[in-house]
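This briefing sets out the salt bridges, the helix and the pocket of one structure. Please read it beside the sequence and the coordinates.

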Amino acid sequence: MIRGEQAGTAYHLLDVLELLRRYGLPEAHEGIDDPRLVEWRGGDSRTWREEP
């Protein structure tokens, strides 16, 4: 979720960065590991499941 809206599904960190860019947050990658800014579920910015 970004700003309270379902933003989409990310399968890679680049997907997250693209979603942030679409919502006007291009500089957000600097805080991608800051728990005050990003809530990771089931891992962190370096932990990804395989695509379905």
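Which residues are linked in a network of salt bridges? They are Glu18, Arg21 and Arg22; a salt bridge here is a side-chain nitrogen of Lys or Arg within 4 Å of a carboxyl oxygen of Asp or Glu. The model is predicted, so that local features need pLDDT of at least 70 and side-chain atom pairs count only at pLDDT 80 or more, whereas totals for chains, interfaces and linings use all residues. Residues are numbered from 1 along each chain as its sequence is written, and side-chain values use heavy atoms, with hydrogens and water left out.

**Salt bridges**

- The search of the whole structure returns 3 salt bridges.
- Glutamate 18 pairs with arginine 21, with 2.5 Å between the closest N and O atoms.
- Both of these residues belong to helix α1 (residues 13-22), where they are 3 residues apart, about one turn of the helix. Helices (H or I, at least four residues) and strands (E, at least two) are DSSP runs, numbered from the N terminus.
- Glutamate 18 also meets arginine 22 in a salt bridge, at 3.2 Å from N to O; this pair too lies in α1, 4 residues apart, about one turn of the helix.
- An α-helix has 3.6 residues a turn, so residues three or four places apart point the same way.
- Aspartate 33 and arginine 46 form a further salt bridge, their closest N and O atoms being 3.2 Å apart. Both residues lie in the segment after α1, so this pair ties together parts that are 13 residues apart in sequence.

**Accessibility of the charged partners**

- Buried means under 20% relative accessible area, exposed over 50%, and partly exposed in between (1.4 Å probe, protein chains only).

**Helix α1 and its surroundings**

- Val16, Leu19 and Leu20 are the buried residues of α1. Seen down the helix axis, the buried residues fall within an arc of 100°, so they line one face of α1; the arc is that of the directions from the helix axis to the C-beta atoms.
- Leu14 and Arg22 are exposed on the other side of α1.
- Glycine 24 follows α1 and has a positive phi, near 80°.
- Glycine 4 lies in the segment before α1 and is exposed, at 60% relative accessibility.
- From glycine 4 to aspartate 15 there are 11 residues in sequence and 18 Å in space, C-alpha to C-alpha.

**The largest pocket**

- A pocket is an open set of points on a 1 Å grid over the protein atoms alone, where a 1.4 Å probe fits, with protein on both sides within 12 Å along at least five of seven lines; lining residues have an atom within 4 Å of a point.
- The largest pocket is lined by 24 residues, and Met1, Val16, Glu39, Trp40 and Arg41 lie nearest its centre.
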